[in-house]
Amino acid sequence: MALMSQAGSSHCIYSEKLRCIGGHSNIMNNMEMFKMKDICFGLDISSLNSSRRVQGNYLNRIGVERRRGGLAIVAASPPTEDAVVAAEPLTKEDLVGYLASGCKSKEKWRIGTEHEKFGFEFGTLRPMKYEQIADLLNGIAERFDWEKVMEGDKIIGLKQGKQSISLEPGGQFELSGAPLETLHQTCAEVNSHLYQVKAVAEEMGIGFLGTGFQPKWGLKDIPVMPKGRYEIMRNYMPKVGTLGLDMMFRTCTVQVNLDFSSEADMIRKFRAGLALQPIATALFANSPFTDGKPNGYLSMRSHIWTDTDNNRAGMLPFVFGDSFGFEQYVEYALDVPMYFVYRKKKYVDCAGMSFRDFMNGKLPPLPGDYPTLNDWENHLTTIFPEVRLKRYLEMRGADGGPWRRLCALPAFWVGILYDEASLQSVLDMTSDWTAEEREMLRNKVPKSGLKTPFRDGLLKHVAQDVVKLAKEGLERRGFKETGFLNEVAEVVKTGVTPAEKLLELYHGKWGQKVDPIYEELLY
């Protein structure tokens, strides 16, 4: 995940409970000479608790070392780089402050879109091998001026400005987009990326498939990427669920990352996002095949998350409680078992261990070592609920799909969550939904999609109202973005999901063969 929130003039202070408010507070006078706002990945230091301890920890996070008599700037590091050793142990308040530092005023809200896709050989339809992926990454870097990201002597990704290309465990090719102002910019970014990838890949006899689950090949056929964190996850997954390896190696998603102005705004958007996530799952359902035949689901990708690792996935009912806020999410995240710590350019296996123990210097592989905010940031990336909180909110319920749907997914959520009237209408609509109803939708939608019974009708009828609200929200934004919803408008009008259209082709024109999907959903 590459999107870094750009902190604006809306800052966070501590009172009885942490809130994000407008205004400025100086952390220390001599910080101005370093222009810290320009070097800290969008983290506005003026928004932090002004205690000396918190100052030190946040400065360590962004690459500032303490020296006697002043401060010295050292190189700022990406999230997974080695962290500066913490001068003092982090406190829970530091972890809360990290999340709260994402607050920003509305004019600084941005849209960050990520999508994954399956690469395959045109001749055999087999998944790309790592060696082919390495050639592809090198080719894109050289032809289109991307910076290479290495792990040891292996190329594992690319960076260019605020965009990044990374590899999922089975070689799924991911674009993590820059934070952008409009959906036109977002869709242009997707189109530019696909052009660049195709320009190099087609010369290699490689194509890319837009779907939510690997339709043809089994786990044994999927290559393993040379990334240390994935080796740790691969060993741990079978201990905590039956479908974790399928999640790692055979799924693709599209998600959007969106900002909030305050703790209260975060809570409202979090609740709306969780309540409506099953509707997004249905609208974008696009994974009905496994091992070359129908699997009984419309979104196999979504179903897989129900038995991957329930300590770190799901619908988070506590978000709807009266006491929810940044602090309660921190408490939840602290109780999610760890995967790893990154030290000396190596991943240290901490699978199943406690971040709370780490906070107390009692992590068994690293006794006496304390976490930095880099470690906290990494830990937050290993939590996989349907909506995830970092310094922004991630909407995680949709299957990967063809390029028009890559633009439609952010359009759906921006129209709802970035428009006050539409957001309030959704909150009013869903306010009496029970935790049991939300969980029922989460569990049944992967199989029955928009035809899932809900109260006196079908989920299709709720989805029609929600898509109408999304369209109205986009209209009020004033950027002429409603056309990006055309893909989902057709789905709610008919009640037929993309997966059901694929199944119709499979049982008809395709003659019960899955291979034609590689042409149907080719980027």
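Me: At roughly what angle do the axes of helix 7 and helix 12 cross?
Reply: Keep in mind that this is a predicted model. Helix 7 covers residues 263-283 and helix 12 covers residues 403-417. Their axes come within 11 Å, and the crossing angle is roughly 150 degrees.

Me: And how does helix 7 lie relative to helix 12, roughly parallel or roughly antiparallel?
Reply: The angle to work with is roughly 150 degrees. Anything over 145 counts as roughly antiparallel. Helix 7 also passes helix 12 in a right-handed crossing. So the word for this pair is roughly antiparallel.

Me: Which residues of helix 12 make the contact with helix 7?
Reply: On the helix 7 side, the contact takes in Lys269, Ala272, Gly273, Leu276, Gln277, Ile279, Ala280 and Leu283. By class, the two sides together hold nine nonpolar, two polar and one charged residues. The helix 12 side is made by Phe412, Trp413, Ile416 and Leu417.

Me: How does helix 7 sit against helix 15, roughly parallel or roughly perpendicular?
Reply: Helix 15 spans residues 459-477, and its axis is 10 Å from that of helix 7. The two pack at an angle of about 100 degrees. Angles of 65 to 115 count as roughly perpendicular. That makes the answer for helix 7 and helix 15 roughly perpendicular.

Me: What about helix 3 and helix 4: is their crossing left-handed or right-handed?
Reply: Helix 3 is residues 130-144 and helix 4 is residues 183-201. Their axes come within 9 Å and cross at roughly 115 degrees. The crossing is right-handed.

Me: Which residues in helix 4 meet helix 3?
Reply: From helix 3, the residues involved are Leu136, Gly139, Ile140, Arg143 and Phe144. The contact has eight nonpolar, two polar and one charged residues. In helix 4, the partners are Tyr195, Gln196, Val197, Ala199, Val200 and Ala201.

Me: Which element gives the most to the lining of the second largest cavity?
Reply: This cavity has a volume of about 50 Å³. Among the residues lining it are Tyr339, Phe340, Asp375, Asn378 and His379. Two elements give two or more residues to that lining: strand 15 (340-343) and helix 11 (373-380). The top giver, with three residues, is helix 11.

Me: How many charged residues are in the lining of the second largest cavity?
Reply: Met338, Val341, Phe355 and Thr382 are also part of this lining. By class, five of the lining residues are nonpolar and three are polar. The charged count is one.

Notes. Residues numbered from 1 in each chain as written. Predicted model: local features only at pLDDT ≥ 70, side-chain atom pairs only at ≥ 80, totals over all residues. Heavy atoms only, no water. 1 Å grid on protein atoms, 1.4 Å probe; cavity = no way out; pocket = protein on both sides within 12 Å on 5 of 7 lines; lining within 4 Å. Points joined across faces, edges and corners; volume = space filled by probe spheres on them. Helix = DSSP H or I, 4+ residues; strand = E, 2+ residues; numbered from the N terminus. Nonpolar A, V, L, I, M, F, W, Y, C, P; charged D, E, K, R; others polar. Axes fitted to C-alpha atoms, helices over the stretch in contact; angles between N-to-C directions. Parallel < 35°, antiparallel > 145°, perpendicular 65-115°, else oblique. Left-handed = near helix turned anticlockwise from the far one by under 90°. Contact = heavy atoms within 4.5 Å.
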